[in-house]
Amino acid sequence: MTTLKPVPADPFTAWLTRRRPPSRLDLATAPGRRFAFYARTSTVGFQDPSSSVAWQREAADALIAGSGQIVGEYVDLGCSRRVRWRQRPEASALLDAVASASSRFDAIVVGEYERAFSGGQLQQLLPYLTDHDVELWLPEFDGPVRPCDPTHAAVMLLLGTQSAREVQRSRFRVMAAMRCQTIGQGRYLGGRPPYGYRLVDAGPHPNAVHAQWGRRLHRLDPDPAAALNVKWIFAQRLSGCSLASIARRLNDAGIKSPSGADPGRNRNRVGGPWTVQTVASVLGNPRYTGRQVWNRQARFDDVLPAGSGLGTRRWNPGCDWIVSETVAHPGLVSESDFVAAQAIDAPPGTPIPARRYALIGLLICAICGRRLEAHWSHGRPGYRCRHATRVPDANQPVTRRTCTGARTTSSFASPRAYQEPTDPPTRSTLRRQRFGSYMTLGRPSNVAGIASYSPATATPADRPSVGAIGPAA
């Protein structure tokens with residue numbers, strides 16, 4: 001909440017006040033109701049928040065002139081109107097203040113309906129305000145909203161429908177334009193460049209006005225270091241390597257993962273090692289063929305966590321992806337190789353019955369701290385870590401970076417895998433083994449060496465070198 005401060009008087013302002021006739025705005029500070037002012041801006045980078053909040057405040061002052069004064073401000077910047085009030089940071093704080101016993105205001109004033117509500121949000125909010133004896137003032141109602149008034153109820157339905165229609169119309173126009181720009185022009189429409197690419201200048205903006213403002217287009221261009229890694233990943237996959245083996249070799253060669261190679265554009269990730277999912281995301285990205293692809297993900301603001309600043313993104317099905325008709329940037333893999341890599345999968349085997357793993361998610365690797373993965377071994381369930389390969393020195397602290405990516409379950413003594421008994425475990429058969437700062441439940445078996453690849457035993461031909469893959473990006 002923003003606390004209002006009195007504007008210091010100066011001779012020029014006093015002179016203007018004496019020459020200007022009284023108006024409704026001059027009565028906005030009259031004693032009476034105490035108002036909390038709420039305002040919202042849709043974006044921060046494409047509009048002036050100060051100007052937007054200023055005209056909303058002016059409309060609110062004109063509405064409450066002679067009825068009271070504004071004692072507090074709540075302004076949500078860069079927040080969509082589709083987001084529910086409880087999930088907007090400042091609106092949520094305003095609702096908490098309404099329920100507080102020490103509330104300093106009697107009513108809420110909004111400068112415009114569309115700045116605060118969409119669809120049926122107003123009807124959902126009014127019962128909460130009524131229970132706490134707080135009024136809501138809107139310019140469209142020329143004062144407080146009265147839910148029991150049939151005319152006000154009809155106006156609320158009309159305004160909600162119009163606001164939702166405005167959102168849908170704007171969204172449709174923008175989505176249709178971006179679809180045409182992707183298909184026909186192959187234009188880069190924003191977002192993080194995929195691993196292996198960087199952004200380069202592509203000339204002035206085609207809109208003359210935007211070009212005068214200095215806006216320019218961008219396109220993807222291969223990154224000299226990371227592009228070699230992408231080509232190597234596709235080559236290994238086409239030669240029959242599994243996703244796990246590719247991830248292990250990248251980690252063993254010291255190649256940084258996409259989030260570690262460029263943490264500036266991956267601020268939402270921790271920069272960990274290569275994983276199976278990371279390799280799969282590289283192999284499944286069609287932009288490496290040189291085609292521009294848009295709408296692979298969709299953003300849902302209606303499930304936005306309060307104060308997060310980001311919506312929830314979900315993957316769209318492949319049929320909804322928008323792909324350019326021609327090559328838009330230099331490709332790192334041919335289209336035929338890309339399609340062939342998508343067809344590579346584990347060979348179909350004999351159908352097996354569903355398997356039950358009683359301790360899945362409960363066992364922790366003693367070295368790296370990751371959860372152990374369940375697997376079936378010798379006709380019984382077992383658990384292993386794909387990342388722990390070597391035992392750290394006694395003087396070396398145990399961290400997640402100690403593990404280098406092999407498929408073994410390790411303790412400080414020797415690599416081994418936990419084998420779950422065929423019968424369900426009982427309290428008497430479970431015992432605790434303390435490994436460093438981690439606690440692991442279970443009984444260690446004498447099965448050793450289940451790794452399919454180990455840097456210590458692999459031949460030079462099996463190990464990917466930094467030169468073969470490309471230098472760390």
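**Exercise 1. Find out which residues form one aromatic cluster, then look at a pair inside this cluster.**

Step 1. Tyr38, Trp85, Tyr113 and Phe117 make up one aromatic cluster. Keep in mind that you're looking at a predicted model.

Step 2. How many aromatic pairs are there? The count comes to ten.

Step 3. Take Tyr38 and Trp85: their ring centres are 4.8 Å apart and their planes stand at 35°. Planes under 30 degrees apart would count as stacked and those over 60 as edge-to-face, so this pair is tilted.

Step 4. Now place the two rings along the chain. Tyr38 belongs to strand 1 (residues 33-40), while Trp85 is in the loop between strand 2 (68-76) and helix 3 (89-99), so the pair ties together parts 47 residues apart in sequence. Tyr38 and Trp85 are both buried.

**Exercise 2. Work out how the rings of Tyr195 and Trp274 are arranged, and where they lie.**

Step 1. Start with the general idea: two numbers describe a pair of aromatic rings, the distance of the centres and the angle of the planes.

Step 2. For Tyr195 and Trp274 those values are 5.5 Å centre to centre and 80° between the planes, and the pair is edge-to-face.

Step 3. Tyr195 lies in the loop between helix 5 (150-185) and strand 6, and Trp274 in the loop between helix 9 (258-261) and helix 10 (276-283), so this pair ties together parts that are 79 residues apart in sequence.

Step 4. Are Tyr195 and Trp274 buried or exposed? Both are buried.

**Exercise 3. Describe the largest nonpolar core and follow Phe117 inside it.**

Step 1. This core has 27 residues. Those that touch the most other members are Trp85, Phe105, Ile108, Phe117, Leu136 and Leu138.

Step 2. Which elements each supply at least two residues of this core? They are strand 1, strand 2, helix 3, strand 3 (107-110), helix 4 (121-131), strand 4 (135-138) and helix 5. Helix 3 gives the largest share, five residues.

Step 3. Zoom in on Phe117. If you leave out residues up to four places away in sequence, Phe117 touches Arg81, Trp85, Leu122, Leu125, Leu136, Leu138 and Ser163.

**Exercise 4. Go through the salt bridges and say how accessible the partners are.**

Step 1. You can find twelve salt bridges in the structure.

Step 2. Glu112 has 26% relative accessibility and so counts as partly exposed. Arg115, at 11%, is buried, because buried means under 20%.

Step 3. Next up is Asp221 with Arg198, where the closest N and O atoms are 3.7 Å apart. This pair links distant parts of the chain, with Asp221 in strand 7 (residues 216-222) and Arg198 in strand 6 (residues 197-204), 23 residues apart. Asp221 is buried at 17%, whereas Arg198 is partly exposed at 37%.

Step 4. Arg216 and Asp201 also meet in a salt bridge, at 2.7 Å from N to O. Arg216 is in strand 7 and Asp201 in strand 6, so the pair ties together parts that are 15 residues apart in sequence. Arg216 is partly exposed at 43%, and Asp201 is partly exposed with a relative accessible area of 43%.

Step 5. Finally, look for shared partners: Arg57, Asp61 and Glu73 are joined into one network.

**Exercise 5. Find charged ends that sit over aromatic rings.**

Step 1. The charged end of Arg57 sits over the ring of Phe37, 5.9 Å from the ring's centre.

Step 2. How about Arg296 — which ring face does it lie over? Arg296 lies over the face of Trp321, at 4.9 Å from the ring centre.

Conventions
Residues are numbered from 1 along each chain as its sequence is written. This is a predicted model: local features need pLDDT of at least 70, side-chain atom pairs count only at pLDDT 80 or more; totals for chains, interfaces and linings use all residues. Side-chain values use heavy atoms; hydrogens and water are left out. A salt bridge is a side-chain nitrogen of Lys or Arg within 4 Å of a carboxyl oxygen of Asp or Glu. Buried means under 20% relative accessible area, exposed over 50%, partly exposed in between (1.4 Å probe, protein chains only). Helices (H or I, at least four residues) and strands (E, at least two) are DSSP runs, numbered from the N terminus. Rings of Phe, Tyr and Trp (its six-membered ring) pair if their centres lie within 6.5 Å; planes under 30 degrees apart count as stacked, over 60 as edge-to-face and the rest as tilted. A charge sits over a ring if NZ of Lys or CZ of Arg is within 6 Å of the ring centre and within 35 degrees of the ring normal. A nonpolar core is a set of buried Ala, Val, Leu, Ile, Met, Phe, Trp, Tyr and Cys residues joined through side-chain atoms within 4.5 Å. Contact means heavy atoms within 4.5 Å.
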